[in-house]
Amino acid sequence: MAPSLLGGFTKSLAMTVLSEIGDKTFFAAAILAMRHPRKLVLAGCLTALIVMTALSASLGWVAPNLISRKWTHHLTTLLFFLFGIWSLWEGFKEDGYRDSEELAEVEAELDAAFKSNKGESKNKFKANDDMKKQQRPFLMQFFSPIFLKAFSITFFGEWGDKSQIATIGLAADENPFGVVLGGIIAQALCTTAAVLGGKSLASQISEKMVELSSGVLFLLFGIMSLLSGPEGEL
């Protein structure tokens, strides 16, 4: 039986929300939105996450054509169990200060980049830049340095992340279109919350609960994958 669209959608939606909420790219989007126009930050971050989700799902879709479906299913099941144990371990060893420390670390990195690009040129050309922005076509604003900055920080921050690898494995075992759709909706929800909620929302998120919830979810996916078998039948 072919993997269902609904199964891929629901698994991707739940996994992405728990993987993305409160991570470094979430914090980065929240901090960038405090310093730059929200629409540009949201567009840059969300575009990067959509591209990353599509690339990851594409890799997962291609995998069964390179390796037998039986082996991709077993590898995906193993990944779910490994990520589940990893997330639970990180959640249980949480000391309650990681949230603020990670937020401070991301803020410090962005501060350094912000100050290096600030300089005297910012004040000198501010009036000209504002005039150019007003004259610039609406769509062209989304290819501004702010958009590119938000895109690059998010894209490279997600590259090789646990959520990206999990998306590849999920797309190899589930309907890739469902995985992409669920992932994009989840990314949109998380990124919009980060941009609109700002730093205060990010600082109130319990990393411990997120990690524990992620661990339980990954283990649940692993058990479901183990019981269903390569053909997707329980």
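What is the volume of the second largest cavity? The second largest cavity has about 70 Å³. The model is predicted, and it holds two cavities of 30 Å³ or more.

**Second largest cavity**
- Its lining consists of Glu20, Asp23, Thr25, Phe26, Ala29, Cys45, Leu49, Thr154, Gln187, Cys190 and Thr191.
- H2, H3 and H9 are the elements that each give two or more residues to this lining.
- By class, the lining of the second largest cavity has five nonpolar, four polar and two charged residues.

**Largest cavity**
- The largest cavity contains about 90 Å³ of space.
- Its lining is made up of 15 residues, and those nearest the centre of the cavity are Glu20, Thr53, Ser163, Thr167 and Gln187.
- Two or more lining residues come from each of helix H1 (5–20), H3, helix H8 (162–173) and helix H9 (176–204).
- Four nonpolar, nine polar and two charged residues form the lining of the largest cavity.

**Packing of H2 and H3**
- Helix H2 spans residues 24–35 and helix H3 spans residues 38–66; their axes come within 8 Å and cross at roughly 155°.
- Angles over 145 degrees count as roughly antiparallel, so H2 and H3 are roughly antiparallel to each other.
- The crossing of H2 past H3 is right-handed.
- On the H2 side, the contact is made by Ala29, Leu32 and Ala33, which meet Arg38, Val41 and Cys45 of H3.
- This contact of H2 with H3 has five nonpolar residues, one charged residue and no polar residues.

Definitions and conventions: Residues numbered from 1 in each chain as written. Predicted model: local features only at pLDDT ≥ 70, side-chain atom pairs only at ≥ 80, totals over all residues. Heavy atoms only, no water. Axes fitted to C-alpha atoms, helices over the stretch in contact; angles between N-to-C directions. Helix = DSSP H or I, 4+ residues; strand = E, 2+ residues; numbered from the N terminus. Parallel < 35°, antiparallel > 145°, perpendicular 65-115°, else oblique. Left-handed = near helix turned anticlockwise from the far one by under 90°. Contact = heavy atoms within 4.5 Å. Nonpolar A, V, L, I, M, F, W, Y, C, P; charged D, E, K, R; others polar. 1 Å grid on protein atoms, 1.4 Å probe; cavity = no way out; pocket = protein on both sides within 12 Å on 5 of 7 lines; lining within 4 Å. Points joined across faces, edges and corners; volume = space filled by probe spheres on them.
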